Amino acid sequence: MTDSQPDLYKVSILGKESIHCGFHLIPYIAHTVLTTLSSSTYVLVTDTRVAKFHLGAFQAAFDAELSSIPVEKRPRFLSHLIPPGETSKSREGKAEIEDFLLANACTRDTLILALGGGVVGDLVGFVAATFMRGVRFVQIPTTLLAMVDSSVGGKTAIDTPHGKNLLGAFWQPEYIFIDAAFLETLPLREFSNGMAEVVKTAAIWDENEFATLESRAVDITSAIQIESAKNSHAGRTVSTRSESQKLLLSVIVGSISVKAHIVTIDERETGLRNLVNFGHTIGHAIEAVLTPTMLHGECVSVGMIFEAEVARQMGVLNQVAVGRLSRCLKAYNLPISVTDSRIASLPAARQLTVDRLLDIMKVDKKNSGTVKKIVILSRIGATYEQKATAVSDQRIRNVISEAVTVIPGLPRNAPVKMATPGSKSISNRALVLAALGQGTCRLKNLLHSDDTQVMMQALIDLQGATFSWEDNGDTLVVQGGGGALAVPPNGKEIYLQNAGTAARFLTTVCTLVKSDQKGAATVITGNARMKQRPCGPLVDALRASGNPIEYRESVGSLPLSITATPAGMHGGHIRLAASISSQYVSSILLCAPYATLPVVLELVGGQVISQPYIDMTIGVMKSFGINVTRDVDASGKPLDVYRIPTGPYRNPPQFTIESDASSATYPLAIAAITGTTCTITGIGAASVQGDAGFAKQVLEPMGCKVVQTEDETTVTGPPIGQLRAIGYVDMEPMTDAFLTASVLAAVATRDSLPGRALTGAPANTTRILGIANQRVKECNRIKAMIDELAKFGVQTKELDDGLEIYGKQIEGLNHGASVDCYDDHRVAMAFSVLSTVVAGTIIEEKRCVAKTWPNWWDDLENKIGLSTEGVELHSSAGPSTSRSYEPEASVFLTGMRGAGKTFIGTLAAEALGWEFTDADAVFESKHGMLVSEFVRDNGWAAFRDAEEAVLNDLILTRRKKHIVSLGGGIVETPSAREALKKYAKAQGPVVHVVRDIDEIVQYLGTETSRPAYGEAIEDVFRRRQPWYAEVSSHEFISHTQPATPSQHPKSNGHVGGTAKVDPILPAGSGVEGEVKRYFEHITGLHPNLAPNVQPDKRSYFLSLTFPDLTPALPLLDQLTTGVDAIEVRADLLSTSGLPVTHPTVPPRAYIATQLAALRQITRLPIVFTLRTASQGGMYPDSAHSEAFDLFDLALRLGCEYIDLEVSWPEERIRELNSRKGNSQVIASWHDWSGQMKWLSSDVNQKYKLAAELGDIVKIVGTAIDLGDNIDLHLFVRSLGKAPRKPLLAINMGEQGKLSRVLNSTFSPVTHPLLPSRAAPGQLSFAEIQQALHLIGQLPKQRFYLFGTPISHSMSPTIHNTAFSALGLPHRYVLMETESVDDTVRTAIMAPDFGGASVTIPHKLAIIPLLDRLSEEAQAIGAVNTIIPRKGSDGARELWGDNTDWAAIHHMVASNLKGISPTNAKGLVIGAGGTARAALYALHRAGICAIYLFNRTQSSARILVDSFPAAYNIHVLDNLDAFPNGAPSVIVSTVPASATTTDSSVKNALLLPASMFALPQGVVIDMAYKPSVTPLLSLARTVNSAWIAVTGLSVLLEQGYRQFETWTGRRAPRTIVEKEVMAKYLL
Ligand SMILES: NC(=O)c1ccc[n+]([C@@H]2O[C@H](COP(=O)([O-])OP(=O)(O)OC[C@H]3O[C@@H](n4cnc5c(N)ncnc54)[C@H](O)[C@@H]3O)[C@@H](O)[C@H]2O)c1
């Protein structure tokens, strides 16, 4: 070994001194390993990041050592690099290293060196544990976490998608080399991550070590901020080691020693070793939610504070310890609460719910059974038990909940006697003075709160004093700096949170910093609220006296930059405006002794505020040896002029801080409100604190009994409900106590004491004045009290200088109020007083009490005896909390007269099976006259009033299952608009029916029944349009003109004016179809979502890329072949009809009409997308507002899916989510750059965010090569099978095609007929199916038709055409058989059996072969479709269904227009199997009287008898003599040749014209050759208003239904129909 021997600390573990610690050890490591661990091969494994910094040095050191060994004996030194990060710690990562070892012929004597952080150590350790049944290895940790934790103890592991560290082994390394110099290259955040473990170890084990950590944070951190390697490896030997290096090493060694000791006693983690899990029970649960964004140590840091609070709540740990722990962790820049901005700003933080955390904790290995265990601290350096302690869920819940509720009742411990924490004001003053003073001062009863912590930290940052603790933390020992202060190192800003006192005091303290260095300045800053609080007068005064101070942001507030001058604070005559805050005065007083010139402080600018606090400051200064004098006038009256001599403070050896008088107001108020007694010790008549007067000046006049001695105060309240209003009270001497007074005044209903009552004010008035300054405290407290009391139903009035509160009986207060505390401790504690008598009150931010009484809730429980419970607040936004109306809530329609409200409303009511109400009709029946008559007789104003009354009545009485059409003018009345808005917000949908104004004008021209407009209709339209939009939640475009007229026959499948069969439209298209879809969707009756979006199914959407969709509409049926939805790329739409060339916001109106046109043609769900330019689209990235207006439009129009890029502002996404109703959000991310790596934590984060914001997650990358698709697949697999949001994950580009084939949710597809692909590499639906087939994901299936004679059947054409159009590999073949024999049996039992049609004569005979029948097939007693399905036990079963009836039913129901089925009669001709289906179909269509005619009556009779009597079927003997009127629906099921209209034809049924006696009806002939049968032609000649449906239409319809049940895909109707027609016409 060439380099100098390092100085080492050796730590023993498991009986061996195998842990060697020092600086710059690389040569030593090489030497030690080679000389003590002989091997033929040394393999160093590290990650690429560590390699960059340190591999070279290792290589060199090994080369140097090896060069001295003869070549033939020289062992090999190999190195192997892995990617950095947790993803390497996987089965694949392990296999990869093993393959490397095997490929290099490594044998059992191999020695592996693990160089890196915990990831490398855990992974390589596990490889070593199993390679060749275990080989030796050495740990060389390079992160602090790995040094003090993961490398020590022999635990090795890898992760699986099921969780972290699930596979592993205990495998001890031969050596652990701790080289602290590695930390110099480690990012600071990683260093802090490791410090969490160091602090944890000291907290459970060693108070002295903890004291070092808490007081020396700056030094410890600075040790890693030098590059000692460049400085001839400073630190390698003790003589070259800096102080901070020594400190760092001792801290690391100390921590390792504890862990090594524990491991040695309990290697396999059975008891004692559990102690190192302090902070981990809750910390791990937090980590599970926030990983990988937050690091392990950061989560454990928060966990430690939670667990310390659990200990505190149990009464085991004091607040001092909790405070010290918090402060120490903060000093290493670790978060200590989930409200830390680093955590709170993460989207995943919203998942940190109490239930979620408790749920995760269930699987903690420390648990015994279901009981959770936590390591409970008893003090710093010791634990409650030598193992983890069982803790109830309720206790954990109470601690981690952010909100709390107090269970009303009497204090169990009454009469209560207690002390309150030390006064915040005195604590802060004493801290400043002891720090500025000379010598040592022991501060007792110091308040341990956020505020004092902030103050101490700032004094440490200014290097003004050192602090240490005695008496288990009860005493703070301050080593004063005598007034010497320095600018914080490394440009550190002093962060003061929202601590007003610290901010004001430190402003002047910072002027004491002396420096010759030009530009040296101290920056003090705070949180957002602090940055609003004033400090202007103080800054003005200091500036005027010669100290330069700059505002960094807004004038008058923090942050400030205070320049250090050679002389420090200038002093002299200082004029200060002191009407806003006494803290300005105290600030100058406290520092004045150290000014260059003696200070004369003159207070100017009106009434000085809070004199008691000024007196308090002077009093405390006196205790530290400085006497302030106050000038008096000739009469001896004190003036506002103070004289402060110069000279140092001399620290008294001990200073005891008085208990806090403001805090005392809360327990005393609880006694007052609950009628019990409470004594507060340490605060009495002699107190220097103004708030000590609260009992006498506020509680006594309210009717309490108050006894006050010099140092004790006792209050007994009157019986509950008997508090008196005070009348007037001036609270200027005790401003902070006004909140407590206000909550008592809220229930003070008895008259004020004589002489206090206010003239002219109600007897229950309490008027509090003198508190204007409370507007600029932690929050605007006056407003806060007014707003929060209002939630209880308490009335108040704001005054310039205070407020009035009008007392209310306790019984009359609202229960369940949720109090917003505005992060203000006093608001929280004041309302906790009120919540002792008002049930269900929730205090939302319970932790804000930490400012002055961190354990208030524990003291409430333990000392006062009132129970509290943690409450989980539910966030108001998020995908799960979307607007939900009551099920079946009625829908109100609004819109212009003539817009089509009645038409649409009637169709909607029919579609939903609800009742239609016309508000005009209700009005007319109520008033017994037409609307026009009412207006004529009573005028418009009276009409509007009466109309509104009807509206209110309808809202009240027609709550469910009504479609209510309102008069167009209802929006003219503001209160009616309000009523509608309210309805739309919470109760049910209000739909604006929109129609083009020109069409309305045209339509109204013919209408007369309603009052004429007195003005131009266009003007009315313009005025009302915004109102309709404002009151409605939805919008329906009433498109009366078909989008493509040629495609729109007026009915489904009927014979038109010629004998030719018209094109057949998909079921439910046109206006009726759209009304049905829209209203079923928005009411939630049948949300129109794609059924294939679910696990184990594949779904697709077609991306429409046309600038104008209308020309594509005729092709739509073909374009959408196979898909489940249509994506409308709204960013590509353009009014010009030409492709969009640069990012533009498309016009709203254009989008609306485009969507409406599309809806006329298809019922497929629409995915509404605006792709931004940066994610590959044409929408401008920054036009947020406009985008969300368009998303809003899409929701209003009932688009089923909205694609929202997760890069949109998150609050907007959440807000939209909250209103999405039955529609769903696809949260998407697109990477065009090709940079995105699927296996990176970045994608994981994007996924988590999207999963939180959307119902469906969409992540799109760009594939550079095939491997990117494999990575994508691994990423998807890593998410596991556990229930999760559907995921659309694909890669763009030619190379990405494979991912498009494999993706299962909403794969975007193109179609050969489209002008361009929406994205590179996009495939068509059929192409994907073909690819799936080729790779074995879509096996070929066989389908059959069983029956005879079937050789002319159209079914093979229908199904095979459809299969081929969809790219499916299946075949449909005829199996002509006389009987249901073995061939049939074999076919249906074959594994490739896909389904079958069954026709004459087997529809009954097939039944015994089937496992189950549908309800309909059972009722009909015949099966025409066989479907193989998975049964509930997972086994295949054969299911029999009947699609004949469904096709007949559809034709009847969709053509019965205007005829009520209940009044209609039906006629079925024939008595075979099809007649059975027809009878059933008519019954299901609601037809109440059905007649059956068959030439052989006996068979008819048998058939009728086989149906339930309730079907009301009668046998008809004579077609010409229809009893009680003629039929409206006729279905013939006999062959066409068996019927005739020619009386001369023999052996055929003569059809009489009388069958068509009714003016309209539907006639269906099931026979389809010829297309126009005698029956249909008779119908046409007798009455052309009848709708005649051909057998071919029914045949096709039932075939489509079969196809759809077999494949789960819509049949490509246009294509099939074309093919069938071609065959048919042959
Ligand atoms: N076995 C145990 O008892 C145990 C205990 C605690 C944690 N762990 C495991 O440890 C892992 C976390 O370890 P970690 O925090 O060290 O993370 P890590 O190993 O991922 O290292 C953190 C990052 O710092 C880089 N890095 C490491 N040393 C560096 C250096 N000196 N200079 C510059 N960069 C450096 C790494 O490349 C990595 O990017 C987790 O997998 C955890 O499960 C194991």
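Helix axes are lines fitted to C-alpha atoms over the stretch in contact, with angles from 0 to 180 degrees between N-to-C directions. Helices (H or I, at least four residues) and strands (E, at least two) are DSSP runs, numbered from the N terminus. The model is predicted; local features need pLDDT of at least 70, side-chain atom pairs count only at pLDDT 80 or more, and totals for chains, interfaces and linings use all residues. Residues are numbered from 1 along each chain as its sequence is written, and side-chain values use heavy atoms, without hydrogens and water.

**View 1. Packing of α18 (residues 500-511) on α20 (residues 582-591).** The axes lie 8 Å apart at an angle of about 40°. The pair is therefore oblique (angles under 35 degrees count as roughly parallel, over 145 as roughly antiparallel, 65 to 115 as roughly perpendicular and the rest as oblique). Contact (heavy atoms within 4.5 Å) involves Gly500, Thr501, Arg504, Phe505, Thr508 and Val509 of α18, and residues of α20 including Gln583 and Tyr584.

**View 2. The largest cavity, about 340 Å³.** A cavity is a set of points on a 1 Å grid over the protein atoms alone where a 1.4 Å probe fits but cannot get out; lining residues have an atom within 4 Å of a point. Of 27 lining residues, Thr501, Gln583, Tyr613, Asp736 and Lys777 are closest to the centre. Helices α18 and α20 are among the elements that each supply at least two lining residues.

**View 3. The second largest cavity, about 170 Å³.** Its lining has 18 residues, with Arg1129, Arg1171, His1230, Lys1258 and Ala1319 closest to the centre. Strands β43 (1100-1104), β44 (1125-1129), β48 (1256-1262) and β49 (1287-1292) each give two or more residues to this lining.

How values were computed: 1 Å grid on protein atoms, 1.4 Å probe; cavity = no way out; pocket = protein on both sides within 12 Å on 5 of 7 lines; lining within 4 Å. Points joined across faces, edges and corners; volume = space filled by probe spheres on them.
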